[in-house]
Amino acid sequence: GSRGIFMYSIGELSKRTNVKVPTIRYYEEMGLLSEPDRTEGNQRRYDAAGLERLSFIKHARDLGFSIEAISELIELQGHPDRSCQAATDIAVEQLSEVKAKIKRLRALEKELVRISKGCDGEGVSEDCYVLASLADHKFCGNEH
């Protein structure tokens, strides 16, 4: 083995980063995480760089970045001489997507508040305003 360098199993990597094992394998398949070295028993063994990369990916995913965006960010990370404008552009794009999502969620919230107030829960489901609203768009107050 490689002496002096601590190696992590996929399970240890999962525990340390709080990323599920199938997700780690998925990131490998997507090329975000390089295929690790394997033991003679064919067990994956990750080094500190693999752990750092996975932490980076997890943080980016927590912020809602797509796999494609993370791939671009990783690519940029590998070229420290490049302008960081590209990374800024990716972050700005993500921010505008989040703002658009919030706008849609606010409209959704408003509609759900309206629908749930339309029914006091006292009647029978045949007359239920919630069910009627879900069945027919004309009951809705706005586009969603």
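The questions and answers below go through this predicted model and set its computed values against the definitions used.

User: What should I know about the model before reading it?

Analyst: This is a predicted model, in which local features need pLDDT of at least 70 and side-chain atom pairs count only at pLDDT 80 or more, while totals for chains, interfaces and linings use all residues. Residues are numbered from 1 along each chain as its sequence is written, and side-chain values use heavy atoms, with hydrogens and water left out.

User: How do you know where confidence is lowest and highest in the chain?

Analyst: The guide is pLDDT, the predictor's confidence in each residue, from 0 to 100. The chain averages 86, and 85% of the residues score at least 70. Helix α6 (residues 129-135) has the lowest confidence, with a mean of 76, and helix α2 (residues 21-29) the highest, at 96. Helices here are DSSP runs of H or I with at least four residues, strands are runs of E with at least two, and both are numbered from the N terminus. Where pLDDT is low, the predicted coordinates should not be read in detail.

User: Why is the pair Lys58 and Asp62 called a salt bridge?

Analyst: The term requires a side-chain nitrogen of Lys or Arg within 4 Å of a carboxyl oxygen of Asp or Glu. The closest N and O atoms of Lys58 and Asp62 are 2.9 Å apart, so the pair meets that rule. Both residues lie in helix α3 (residues 48-62), 4 residues apart, about one turn of the helix. By this rule the count comes to 5 salt bridges, including the one between Glu75 and Arg82, whose closest N and O atoms are 3.4 Å apart.

User: Why is Lys58 called partly exposed, whereas Asp62 is called exposed?

Analyst: Buried means under 20% relative accessible area, exposed means over 50%, and partly exposed lies in between, with a 1.4 Å probe and protein chains only. Lys58 has 21% and therefore counts as partly exposed, while Asp62, at 55%, counts as exposed. In the other pair, Glu75 at 41% is partly exposed, and Arg82 at 42% is partly exposed.

User: What makes the contact between Glu111 and Arg114 both a salt bridge and a polar contact?

Analyst: A polar contact is a pair of N or O atoms within 3.5 Å; within protein, one must be able to donate a hydrogen and the other to accept it, and residues adjacent in sequence count only if both atoms are side-chain atoms. The side chains of Glu111 and Arg114 are joined by such a contact of 2.8 Å, and their closest N and O atoms, 2.8 Å apart, also form a salt bridge. Both residues lie in helix α5 (residues 85-117), 3 residues apart. Glu111 is buried, because its relative accessible area is 4%, whereas Arg114, with 29%, is partly exposed.

User: What makes the largest nonpolar core a core?

Analyst: A nonpolar core is a set of buried Ala, Val, Leu, Ile, Met, Phe, Trp, Tyr and Cys residues joined through side-chain atoms within 4.5 Å. The largest one has 21 residues, and Ile24 and Tyr27 have the most contacts inside it. The elements giving two or more residues to this core are α1 (10-17), α2, α3 and α4 (67-77), and α4 gives the most, with 6 residues.

User: How do you know whether Gly31 is buried or exposed?

Analyst: Gly31, which lies in the loop between α2 and β1 (37-38), has 55% relative accessibility and therefore counts as exposed.
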